[in-house]
Amino acid sequence: MKKVAIIISSPPHGSAKGREALDIALAASAINHISVFFIDDGVFHLLPNQSPEHILMRDYIATFNMLELYDIEDVYVCESSFNTRNLAKVTQNIACKVINNQSLNQLLNIQDVILTF
């Protein structure tokens, strides 16, 4: 079993990268240990009450809750990315652990595969 990191650094709207990351995480979880990292503009995926239907995007944001159903428990958000975007006081729509840059680097260093979206 390989350790696979899925890094989501793109915003939730404007491309299908978030959906692609979620699809790979769910599919790969059957045979790999998956860790999901929200960094940079990827932290916007964690905001509640988004309305992707208004810009003709599929509503996949709510399906990030499926990570838990697939036993993907290692879900992290970069603290500095969250703070830089003034989101520190915002309630997240999925359960995740807030980590600093040092912890982020340590966790990424122990992964066998890193996929960035």
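Q: What share of the contacts with a separation of 6 or more comes from residues 24 or more positions apart?
A: Such residues account for 78% of those contacts in the chain. The structure in view is a predicted model.

Q: How many helices and strands are there?
A: The secondary structure consists of four helices and five strands. Along the sequence they follow the pattern β-α-β-α-β-α-β-α-β.

Q: And how do the strands line up in the sheet?
A: Five strands form an open sheet, in the order S4-S3-S2-S1-S5, and their pairing is parallel. Strand S4 (97–99) and strand S5 (113–116) are the edge strands, each pairing on one side only. From one strand to the next, the twist averages 25°.

Q: What joins S1 to S5?
A: Four bridges join these two parallel strands. Valine 4, for instance, has valine 113 in S5 as its bridge partner. In general, the strands of a sheet pair through backbone hydrogen bonds.

Q: Which strands does H1 lie across?
A: Helix H1 lies across S1, strand S2 (33–38) and S5, and it runs at about 165° to S1.

Q: What about H4, which strands does that one lie across?
A: Helix H4, residues 101–109, lies across S1, S2, strand S3 (74–78), S4 and S5. Its angle to S4 is about 105°.

Q: Changing topic: how many aromatic pairs are there?
A: The count comes to two. In one of them, phenylalanine 37 and tyrosine 76 have ring centres 5.1 Å apart and planes at 20°, so the pair is stacked. Phenylalanine 37 belongs to strand S2 and tyrosine 76 to strand S3, so the pair ties together parts 39 residues apart in sequence. Both residues are buried.

Q: How is the pair of phenylalanine 38 and phenylalanine 64 arranged?
A: That pair is edge-to-face, with 5.5 Å from centre to centre and 70° between the planes. Phenylalanine 38 lies in strand S2, while phenylalanine 64 lies in the loop between S2 and helix H2 (66–69), so parts 26 residues apart in sequence are tied together. Phenylalanine 38 and phenylalanine 64 are both buried.

Q: How many salt bridges does a search of the whole structure find?
A: It finds three salt bridges. Side chains of opposite charge can pair when their charged atoms come close. One of the bridges joins arginine 19 and aspartate 23, at 3.1 Å from N to O. Both of these residues lie in helix H1, four residues apart, which is about one turn of the helix.

Q: Where are arginine 85 and aspartate 41, which meet in a salt bridge?
A: The side chains of arginine 85 and aspartate 41 meet at 2.9 Å, N to O. Arginine 85 is in the loop between helix H3 (79–84) and S4, and aspartate 41 is in the loop between S2 and H2, so the pair links distant parts of the chain, 44 residues apart.

Q: And lysine 97, what does it form a salt bridge with?
A: Its partner is aspartate 74, with the closest N and O atoms 3.7 Å apart. This pair links strand S4, which holds lysine 97, to strand S3, which holds aspartate 74, over 23 residues.

Q: Is aspartate 74 buried or exposed?
A: Aspartate 74 counts as buried, because its relative accessibility is 18% and the cut-off is under 20%. Lysine 97, at 40%, counts as partly exposed.

Q: Last one: where is serine 10, and what does it touch?
A: Serine 10 sits in the loop between strand S1 (3–8) and helix H1 (17–28). Leaving aside residues up to four places away in sequence, serine 10 touches Lys17, Asp41, Gly42, His45 and Phe117. Serine 10 counts as buried, at 11% relative accessibility.

Technical notes
Residues are numbered from 1 along each chain as its sequence is written. This is a predicted model: local features need pLDDT of at least 70, side-chain atom pairs count only at pLDDT 80 or more; totals for chains, interfaces and linings use all residues. Side-chain values use heavy atoms; hydrogens and water are left out. Buried means under 20% relative accessible area, exposed over 50%, partly exposed in between (1.4 Å probe, protein chains only). Contact means heavy atoms within 4.5 Å. Two strands pair if DSSP finds at least two bridges between them. Axes are lines fitted to C-alpha atoms, for helices over the stretch in contact, and angles run from 0 to 180 degrees between N-to-C directions. Rings of Phe, Tyr and Trp (its six-membered ring) pair if their centres lie within 6.5 Å; planes under 30 degrees apart count as stacked, over 60 as edge-to-face and the rest as tilted. A salt bridge is a side-chain nitrogen of Lys or Arg within 4 Å of a carboxyl oxygen of Asp or Glu.
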